[in-house]
Every structure is written in structure tokens, then in C-alpha cells.
Amino acid sequence: MSVDVPRRIVILRHAKADWPPQVADHDRPLAERGRKDAPEAGRWLAASGIVPELTLCSTASRTRETWKLVAHELPKRPRTVYEERLYEAVLGQLIEVVNEAPDDVRDLMLVGHNPGMHALADALAGEAEGDARTRLDRIGFPTSAIAVISFTGSWKSVEHGVGRLEAYWAPHE
């Protein structure tokens, strides 16, 4: 596949997690609200015609559970790789992960955590459709939020300001 093809990065923050006592952060499950919001995020993706070819998901319990509920709502389940580096990743690490995506993938999804997911959406979105940027700036990146960023080029070329924020969705907005 040519490196000049249009591509999309779909950034999904995990759904609302619970804080049970004596459970390590990595093992925290979703809260009831999270179990309701995650399928809603999947329905929004499906209705928008966004079905990534490859999903890279943090290994944390809450991200895995979020992804399972989101994927169930999609017309077909994307190939999924559970990526340890997405847990507690900062912006530079997230860009490195994106830069490693195979060039035959056009639509890539990352399922991870804040503050990294918000930082990635903010950094990559050099331009925006309609009021998407205003809403991202006003609302931030709450649990179950989704940003869809498009760009042209190879995954290796992803850097600050390279993309266009095509869509932004958050539950309870």
C-alpha cells in the first residue's frame, strides 16, 4: 500500500472504572457507568462507519473490558493487539507506538488512558472539522471519549500537528 493513502487514528479512552479497595491500578474493572458507556461508544463508531483494521489496546483490565464492549457493537471485530506500552504511556511513547503501525493498515485504533489519550488527540490535531476542536478543548477527554484524526502519509510520519480532527465524541456531552 502506498504511503500517500489517507489514514485515520481513532483514539479511545477507556470507560469509567471502579476503584475497589486493595486492587492494583492495572487490575481495576469498569464501573457500572462504564459498562453502559462503552457499548454506546461502539454504537457511535458503527453509526459513523468507523471500523478500525487494527486496534492496539492497553493491557489494563479496564481498557480490555472497554474494548470488548465497544467491539461487540461493530459490524466486524478488528484485529486486536494488547500492547503493554499503552498502559501509563505519555505522548512521546504513544507517538512511537503509532509510528510502528504496519503500512498496510489504514485505520488504527488506540484504547488507552488519560492523560496520554487526551495529549495524543490534542497534539496530532493540527486542524479540525466544524466545532470538534472547540468541544475537545472545552470538555477535555472524559472516559469513553473518542477522537478521530485523519492524515495522509505513512505511520512513521505521524508527529505533532500532522492530522485533522475529523470527529470528537464523548458520552454525557
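The model is predicted, so local features are held to a pLDDT of at least 70 and side-chain atom pairs to pLDDT 80 or more, while totals for chains, interfaces and linings use all residues. Residues are numbered from 1 along each chain as its sequence is written, and side-chain values use heavy atoms, with hydrogens and water left out.

Helix 5 spans residues 132-139, and within it A132, R135 and L136 are buried (under 20% relative accessible area). Viewed down the axis of helix 5, the buried residues fall within an arc of 100 degrees, taken from the directions from the axis to the C-beta atoms, so they line one face of the helix. An α-helix has 3.6 residues a turn, so residues three or four places apart point the same way. The buried residues of helix 5 pack against helix 4 (116-124) and strand 7 (163-169), contact meaning heavy atoms within 4.5 Å. Helices (H or I, at least four residues) and strands (E, at least two) are DSSP runs numbered from the N terminus. Just after helix 5, G140 adopts a positive phi of about 85 degrees.

From helix 4, H118, A121 and D122 meet R133, L136 and D137 of helix 5. These contact residues divide into two nonpolar, one polar and three charged, where Ala, Val, Leu, Ile, Met, Phe, Trp, Tyr, Cys and Pro count as nonpolar, Asp, Glu, Lys and Arg as charged, and the others, Gly among them, as polar.

Helix 4 also packs with helix 3 (residues 91-99), at an angle of about 70 degrees and with the axes 9 Å apart. Helix 3 and helix 4 are therefore roughly perpendicular (65 to 115 degrees) to each other. Here L91, L94 and I95 of helix 3 meet G116, M117, A119, L120 and A123 of helix 4, a contact with seven nonpolar residues, one polar and no charged.

Helix 1 contributes R35, A38, P39, A41, G42 and L45 to the contact, and helix 2 contributes E65, T66, L69 and V70. Six of these residues are nonpolar, two polar and two charged.

Technical notes: Buried < 20%, exposed > 50% of the residue type's maximum accessible area, 1.4 Å probe, protein only. Axes fitted to C-alpha atoms, helices over the stretch in contact; angles between N-to-C directions. Parallel < 35°, antiparallel > 145°, perpendicular 65-115°, else oblique.
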